[in-house]
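Welcome, and thanks for taking a look at this one.

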Amino acid sequence: MTYSVLFVCLGNICRSPLAEVAFREEARRLKLDVVVDSAGTGDWQVGSPPDPRAQAVARKNGVDISALRGRQVKPADFRRFTHIVALDEDNLANLRRIAPADAMADLSLLLDHVEGREGQPVADPYFGDDDGFDVTWADVTAGARGLARKLRRKD
């Protein structure tokens, strides 16, 4: 089965692009057939590149996110993606609120896919210092591994 996963945070310039590339790398490693993207529930970062600190932490971990651009979640995403994964409870609540009646995607929090971390948010590093991006990278990597393993078991 081909899965499609959309990672969602608020602005789509920090957490969700990092989750997108962490999941893409894990899916490649596990040879999963997936389509991966990221988006934000807000619209003020549409077209913007990822935060320079997010780009730096991705680069430090061997991936380049500089070509990604912020976009906002659209109603069609709820039909296009098999899984829509929020980075925190506020964005999950927003996704539930804006989901069209014919939504088909499974909604979850990223850390729901990590044993012992269910219900926890991936901390938003935007207003903190550079160290917060390392913590975010560790969280999105753990979540990406957990989700990829779950999808692989379903195949």
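Let us begin with a helix pair: H1 passes H5 in a right-handed crossing. Please keep in mind that this is a predicted model. Helix H1 covers residues 15-30 and helix H5 covers residues 131-154, and their axes come within 8 Å, crossing at roughly 45°. That angle makes H1 oblique to H5.

Which residues in H1 and H5 meet? On the H1 side they are Arg15, Leu18, Ala19, Val21, Ala22, Phe23, Glu26 and Leu30. Their partners in H5 are Phe133, Thr136, Trp137, Val140, Thr141, Ala144, Arg145, Leu147, Ala148, Arg149, Leu151 and Arg152. Sorted by class, the contact of H1 with H5 has 13 nonpolar, two polar and five charged residues.

The crossing of H2 and H5 is right-handed. From H2, the residues in contact are Arg53, Ala54, Val57 and Lys60, and from H5 they are Phe133, Asp134 and Trp137. This contact of H2 with H5 divides into four nonpolar, no polar and three charged residues.

| Helix pair | Axes come within | Crossing angle |
|---|---|---|
| H1 and H5 | 8 Å | roughly 45° |

Next comes a residue in a strand. Ser108 lies in strand S4, residues 106-109. Is Ser108 buried or exposed? With a relative accessible area of 14%, Ser108 is buried, because buried means under 20%. Setting aside neighbours within four places in sequence, Ser108 is in contact with Ile84, Val85, Ala86, Leu92 and His113. For one of these, Ala86, the C-alpha atom is separated from that of Ser108 by 6.2 Å, although the two residues are 22 residues apart along the chain.

Finally, the cysteines. How many disulfides does the structure hold? The count is zero. Cys9 counts as buried, at 3% relative accessibility, and Cys14 is buried with a relative accessible area of 3%.

Key: Residues are numbered from 1 along each chain as its sequence is written. This is a predicted model: local features need pLDDT of at least 70, side-chain atom pairs count only at pLDDT 80 or more; totals for chains, interfaces and linings use all residues. Side-chain values use heavy atoms; hydrogens and water are left out. A disulfide is a pair of cysteine sulfur atoms within 2.5 Å. Buried means under 20% relative accessible area, exposed over 50%, partly exposed in between (1.4 Å probe, protein chains only). Axes are lines fitted to C-alpha atoms, for helices over the stretch in contact, and angles run from 0 to 180 degrees between N-to-C directions. Helices (H or I, at least four residues) and strands (E, at least two) are DSSP runs, numbered from the N terminus. Angles under 35 degrees count as roughly parallel, over 145 as roughly antiparallel, 65 to 115 as roughly perpendicular and the rest as oblique. A crossing is left-handed if the near helix is turned anticlockwise from the far one by less than a right angle, and right-handed if clockwise. Contact means heavy atoms within 4.5 Å. Ala, Val, Leu, Ile, Met, Phe, Trp, Tyr, Cys and Pro count as nonpolar, Asp, Glu, Lys and Arg as charged, and the others, Gly among them, as polar.
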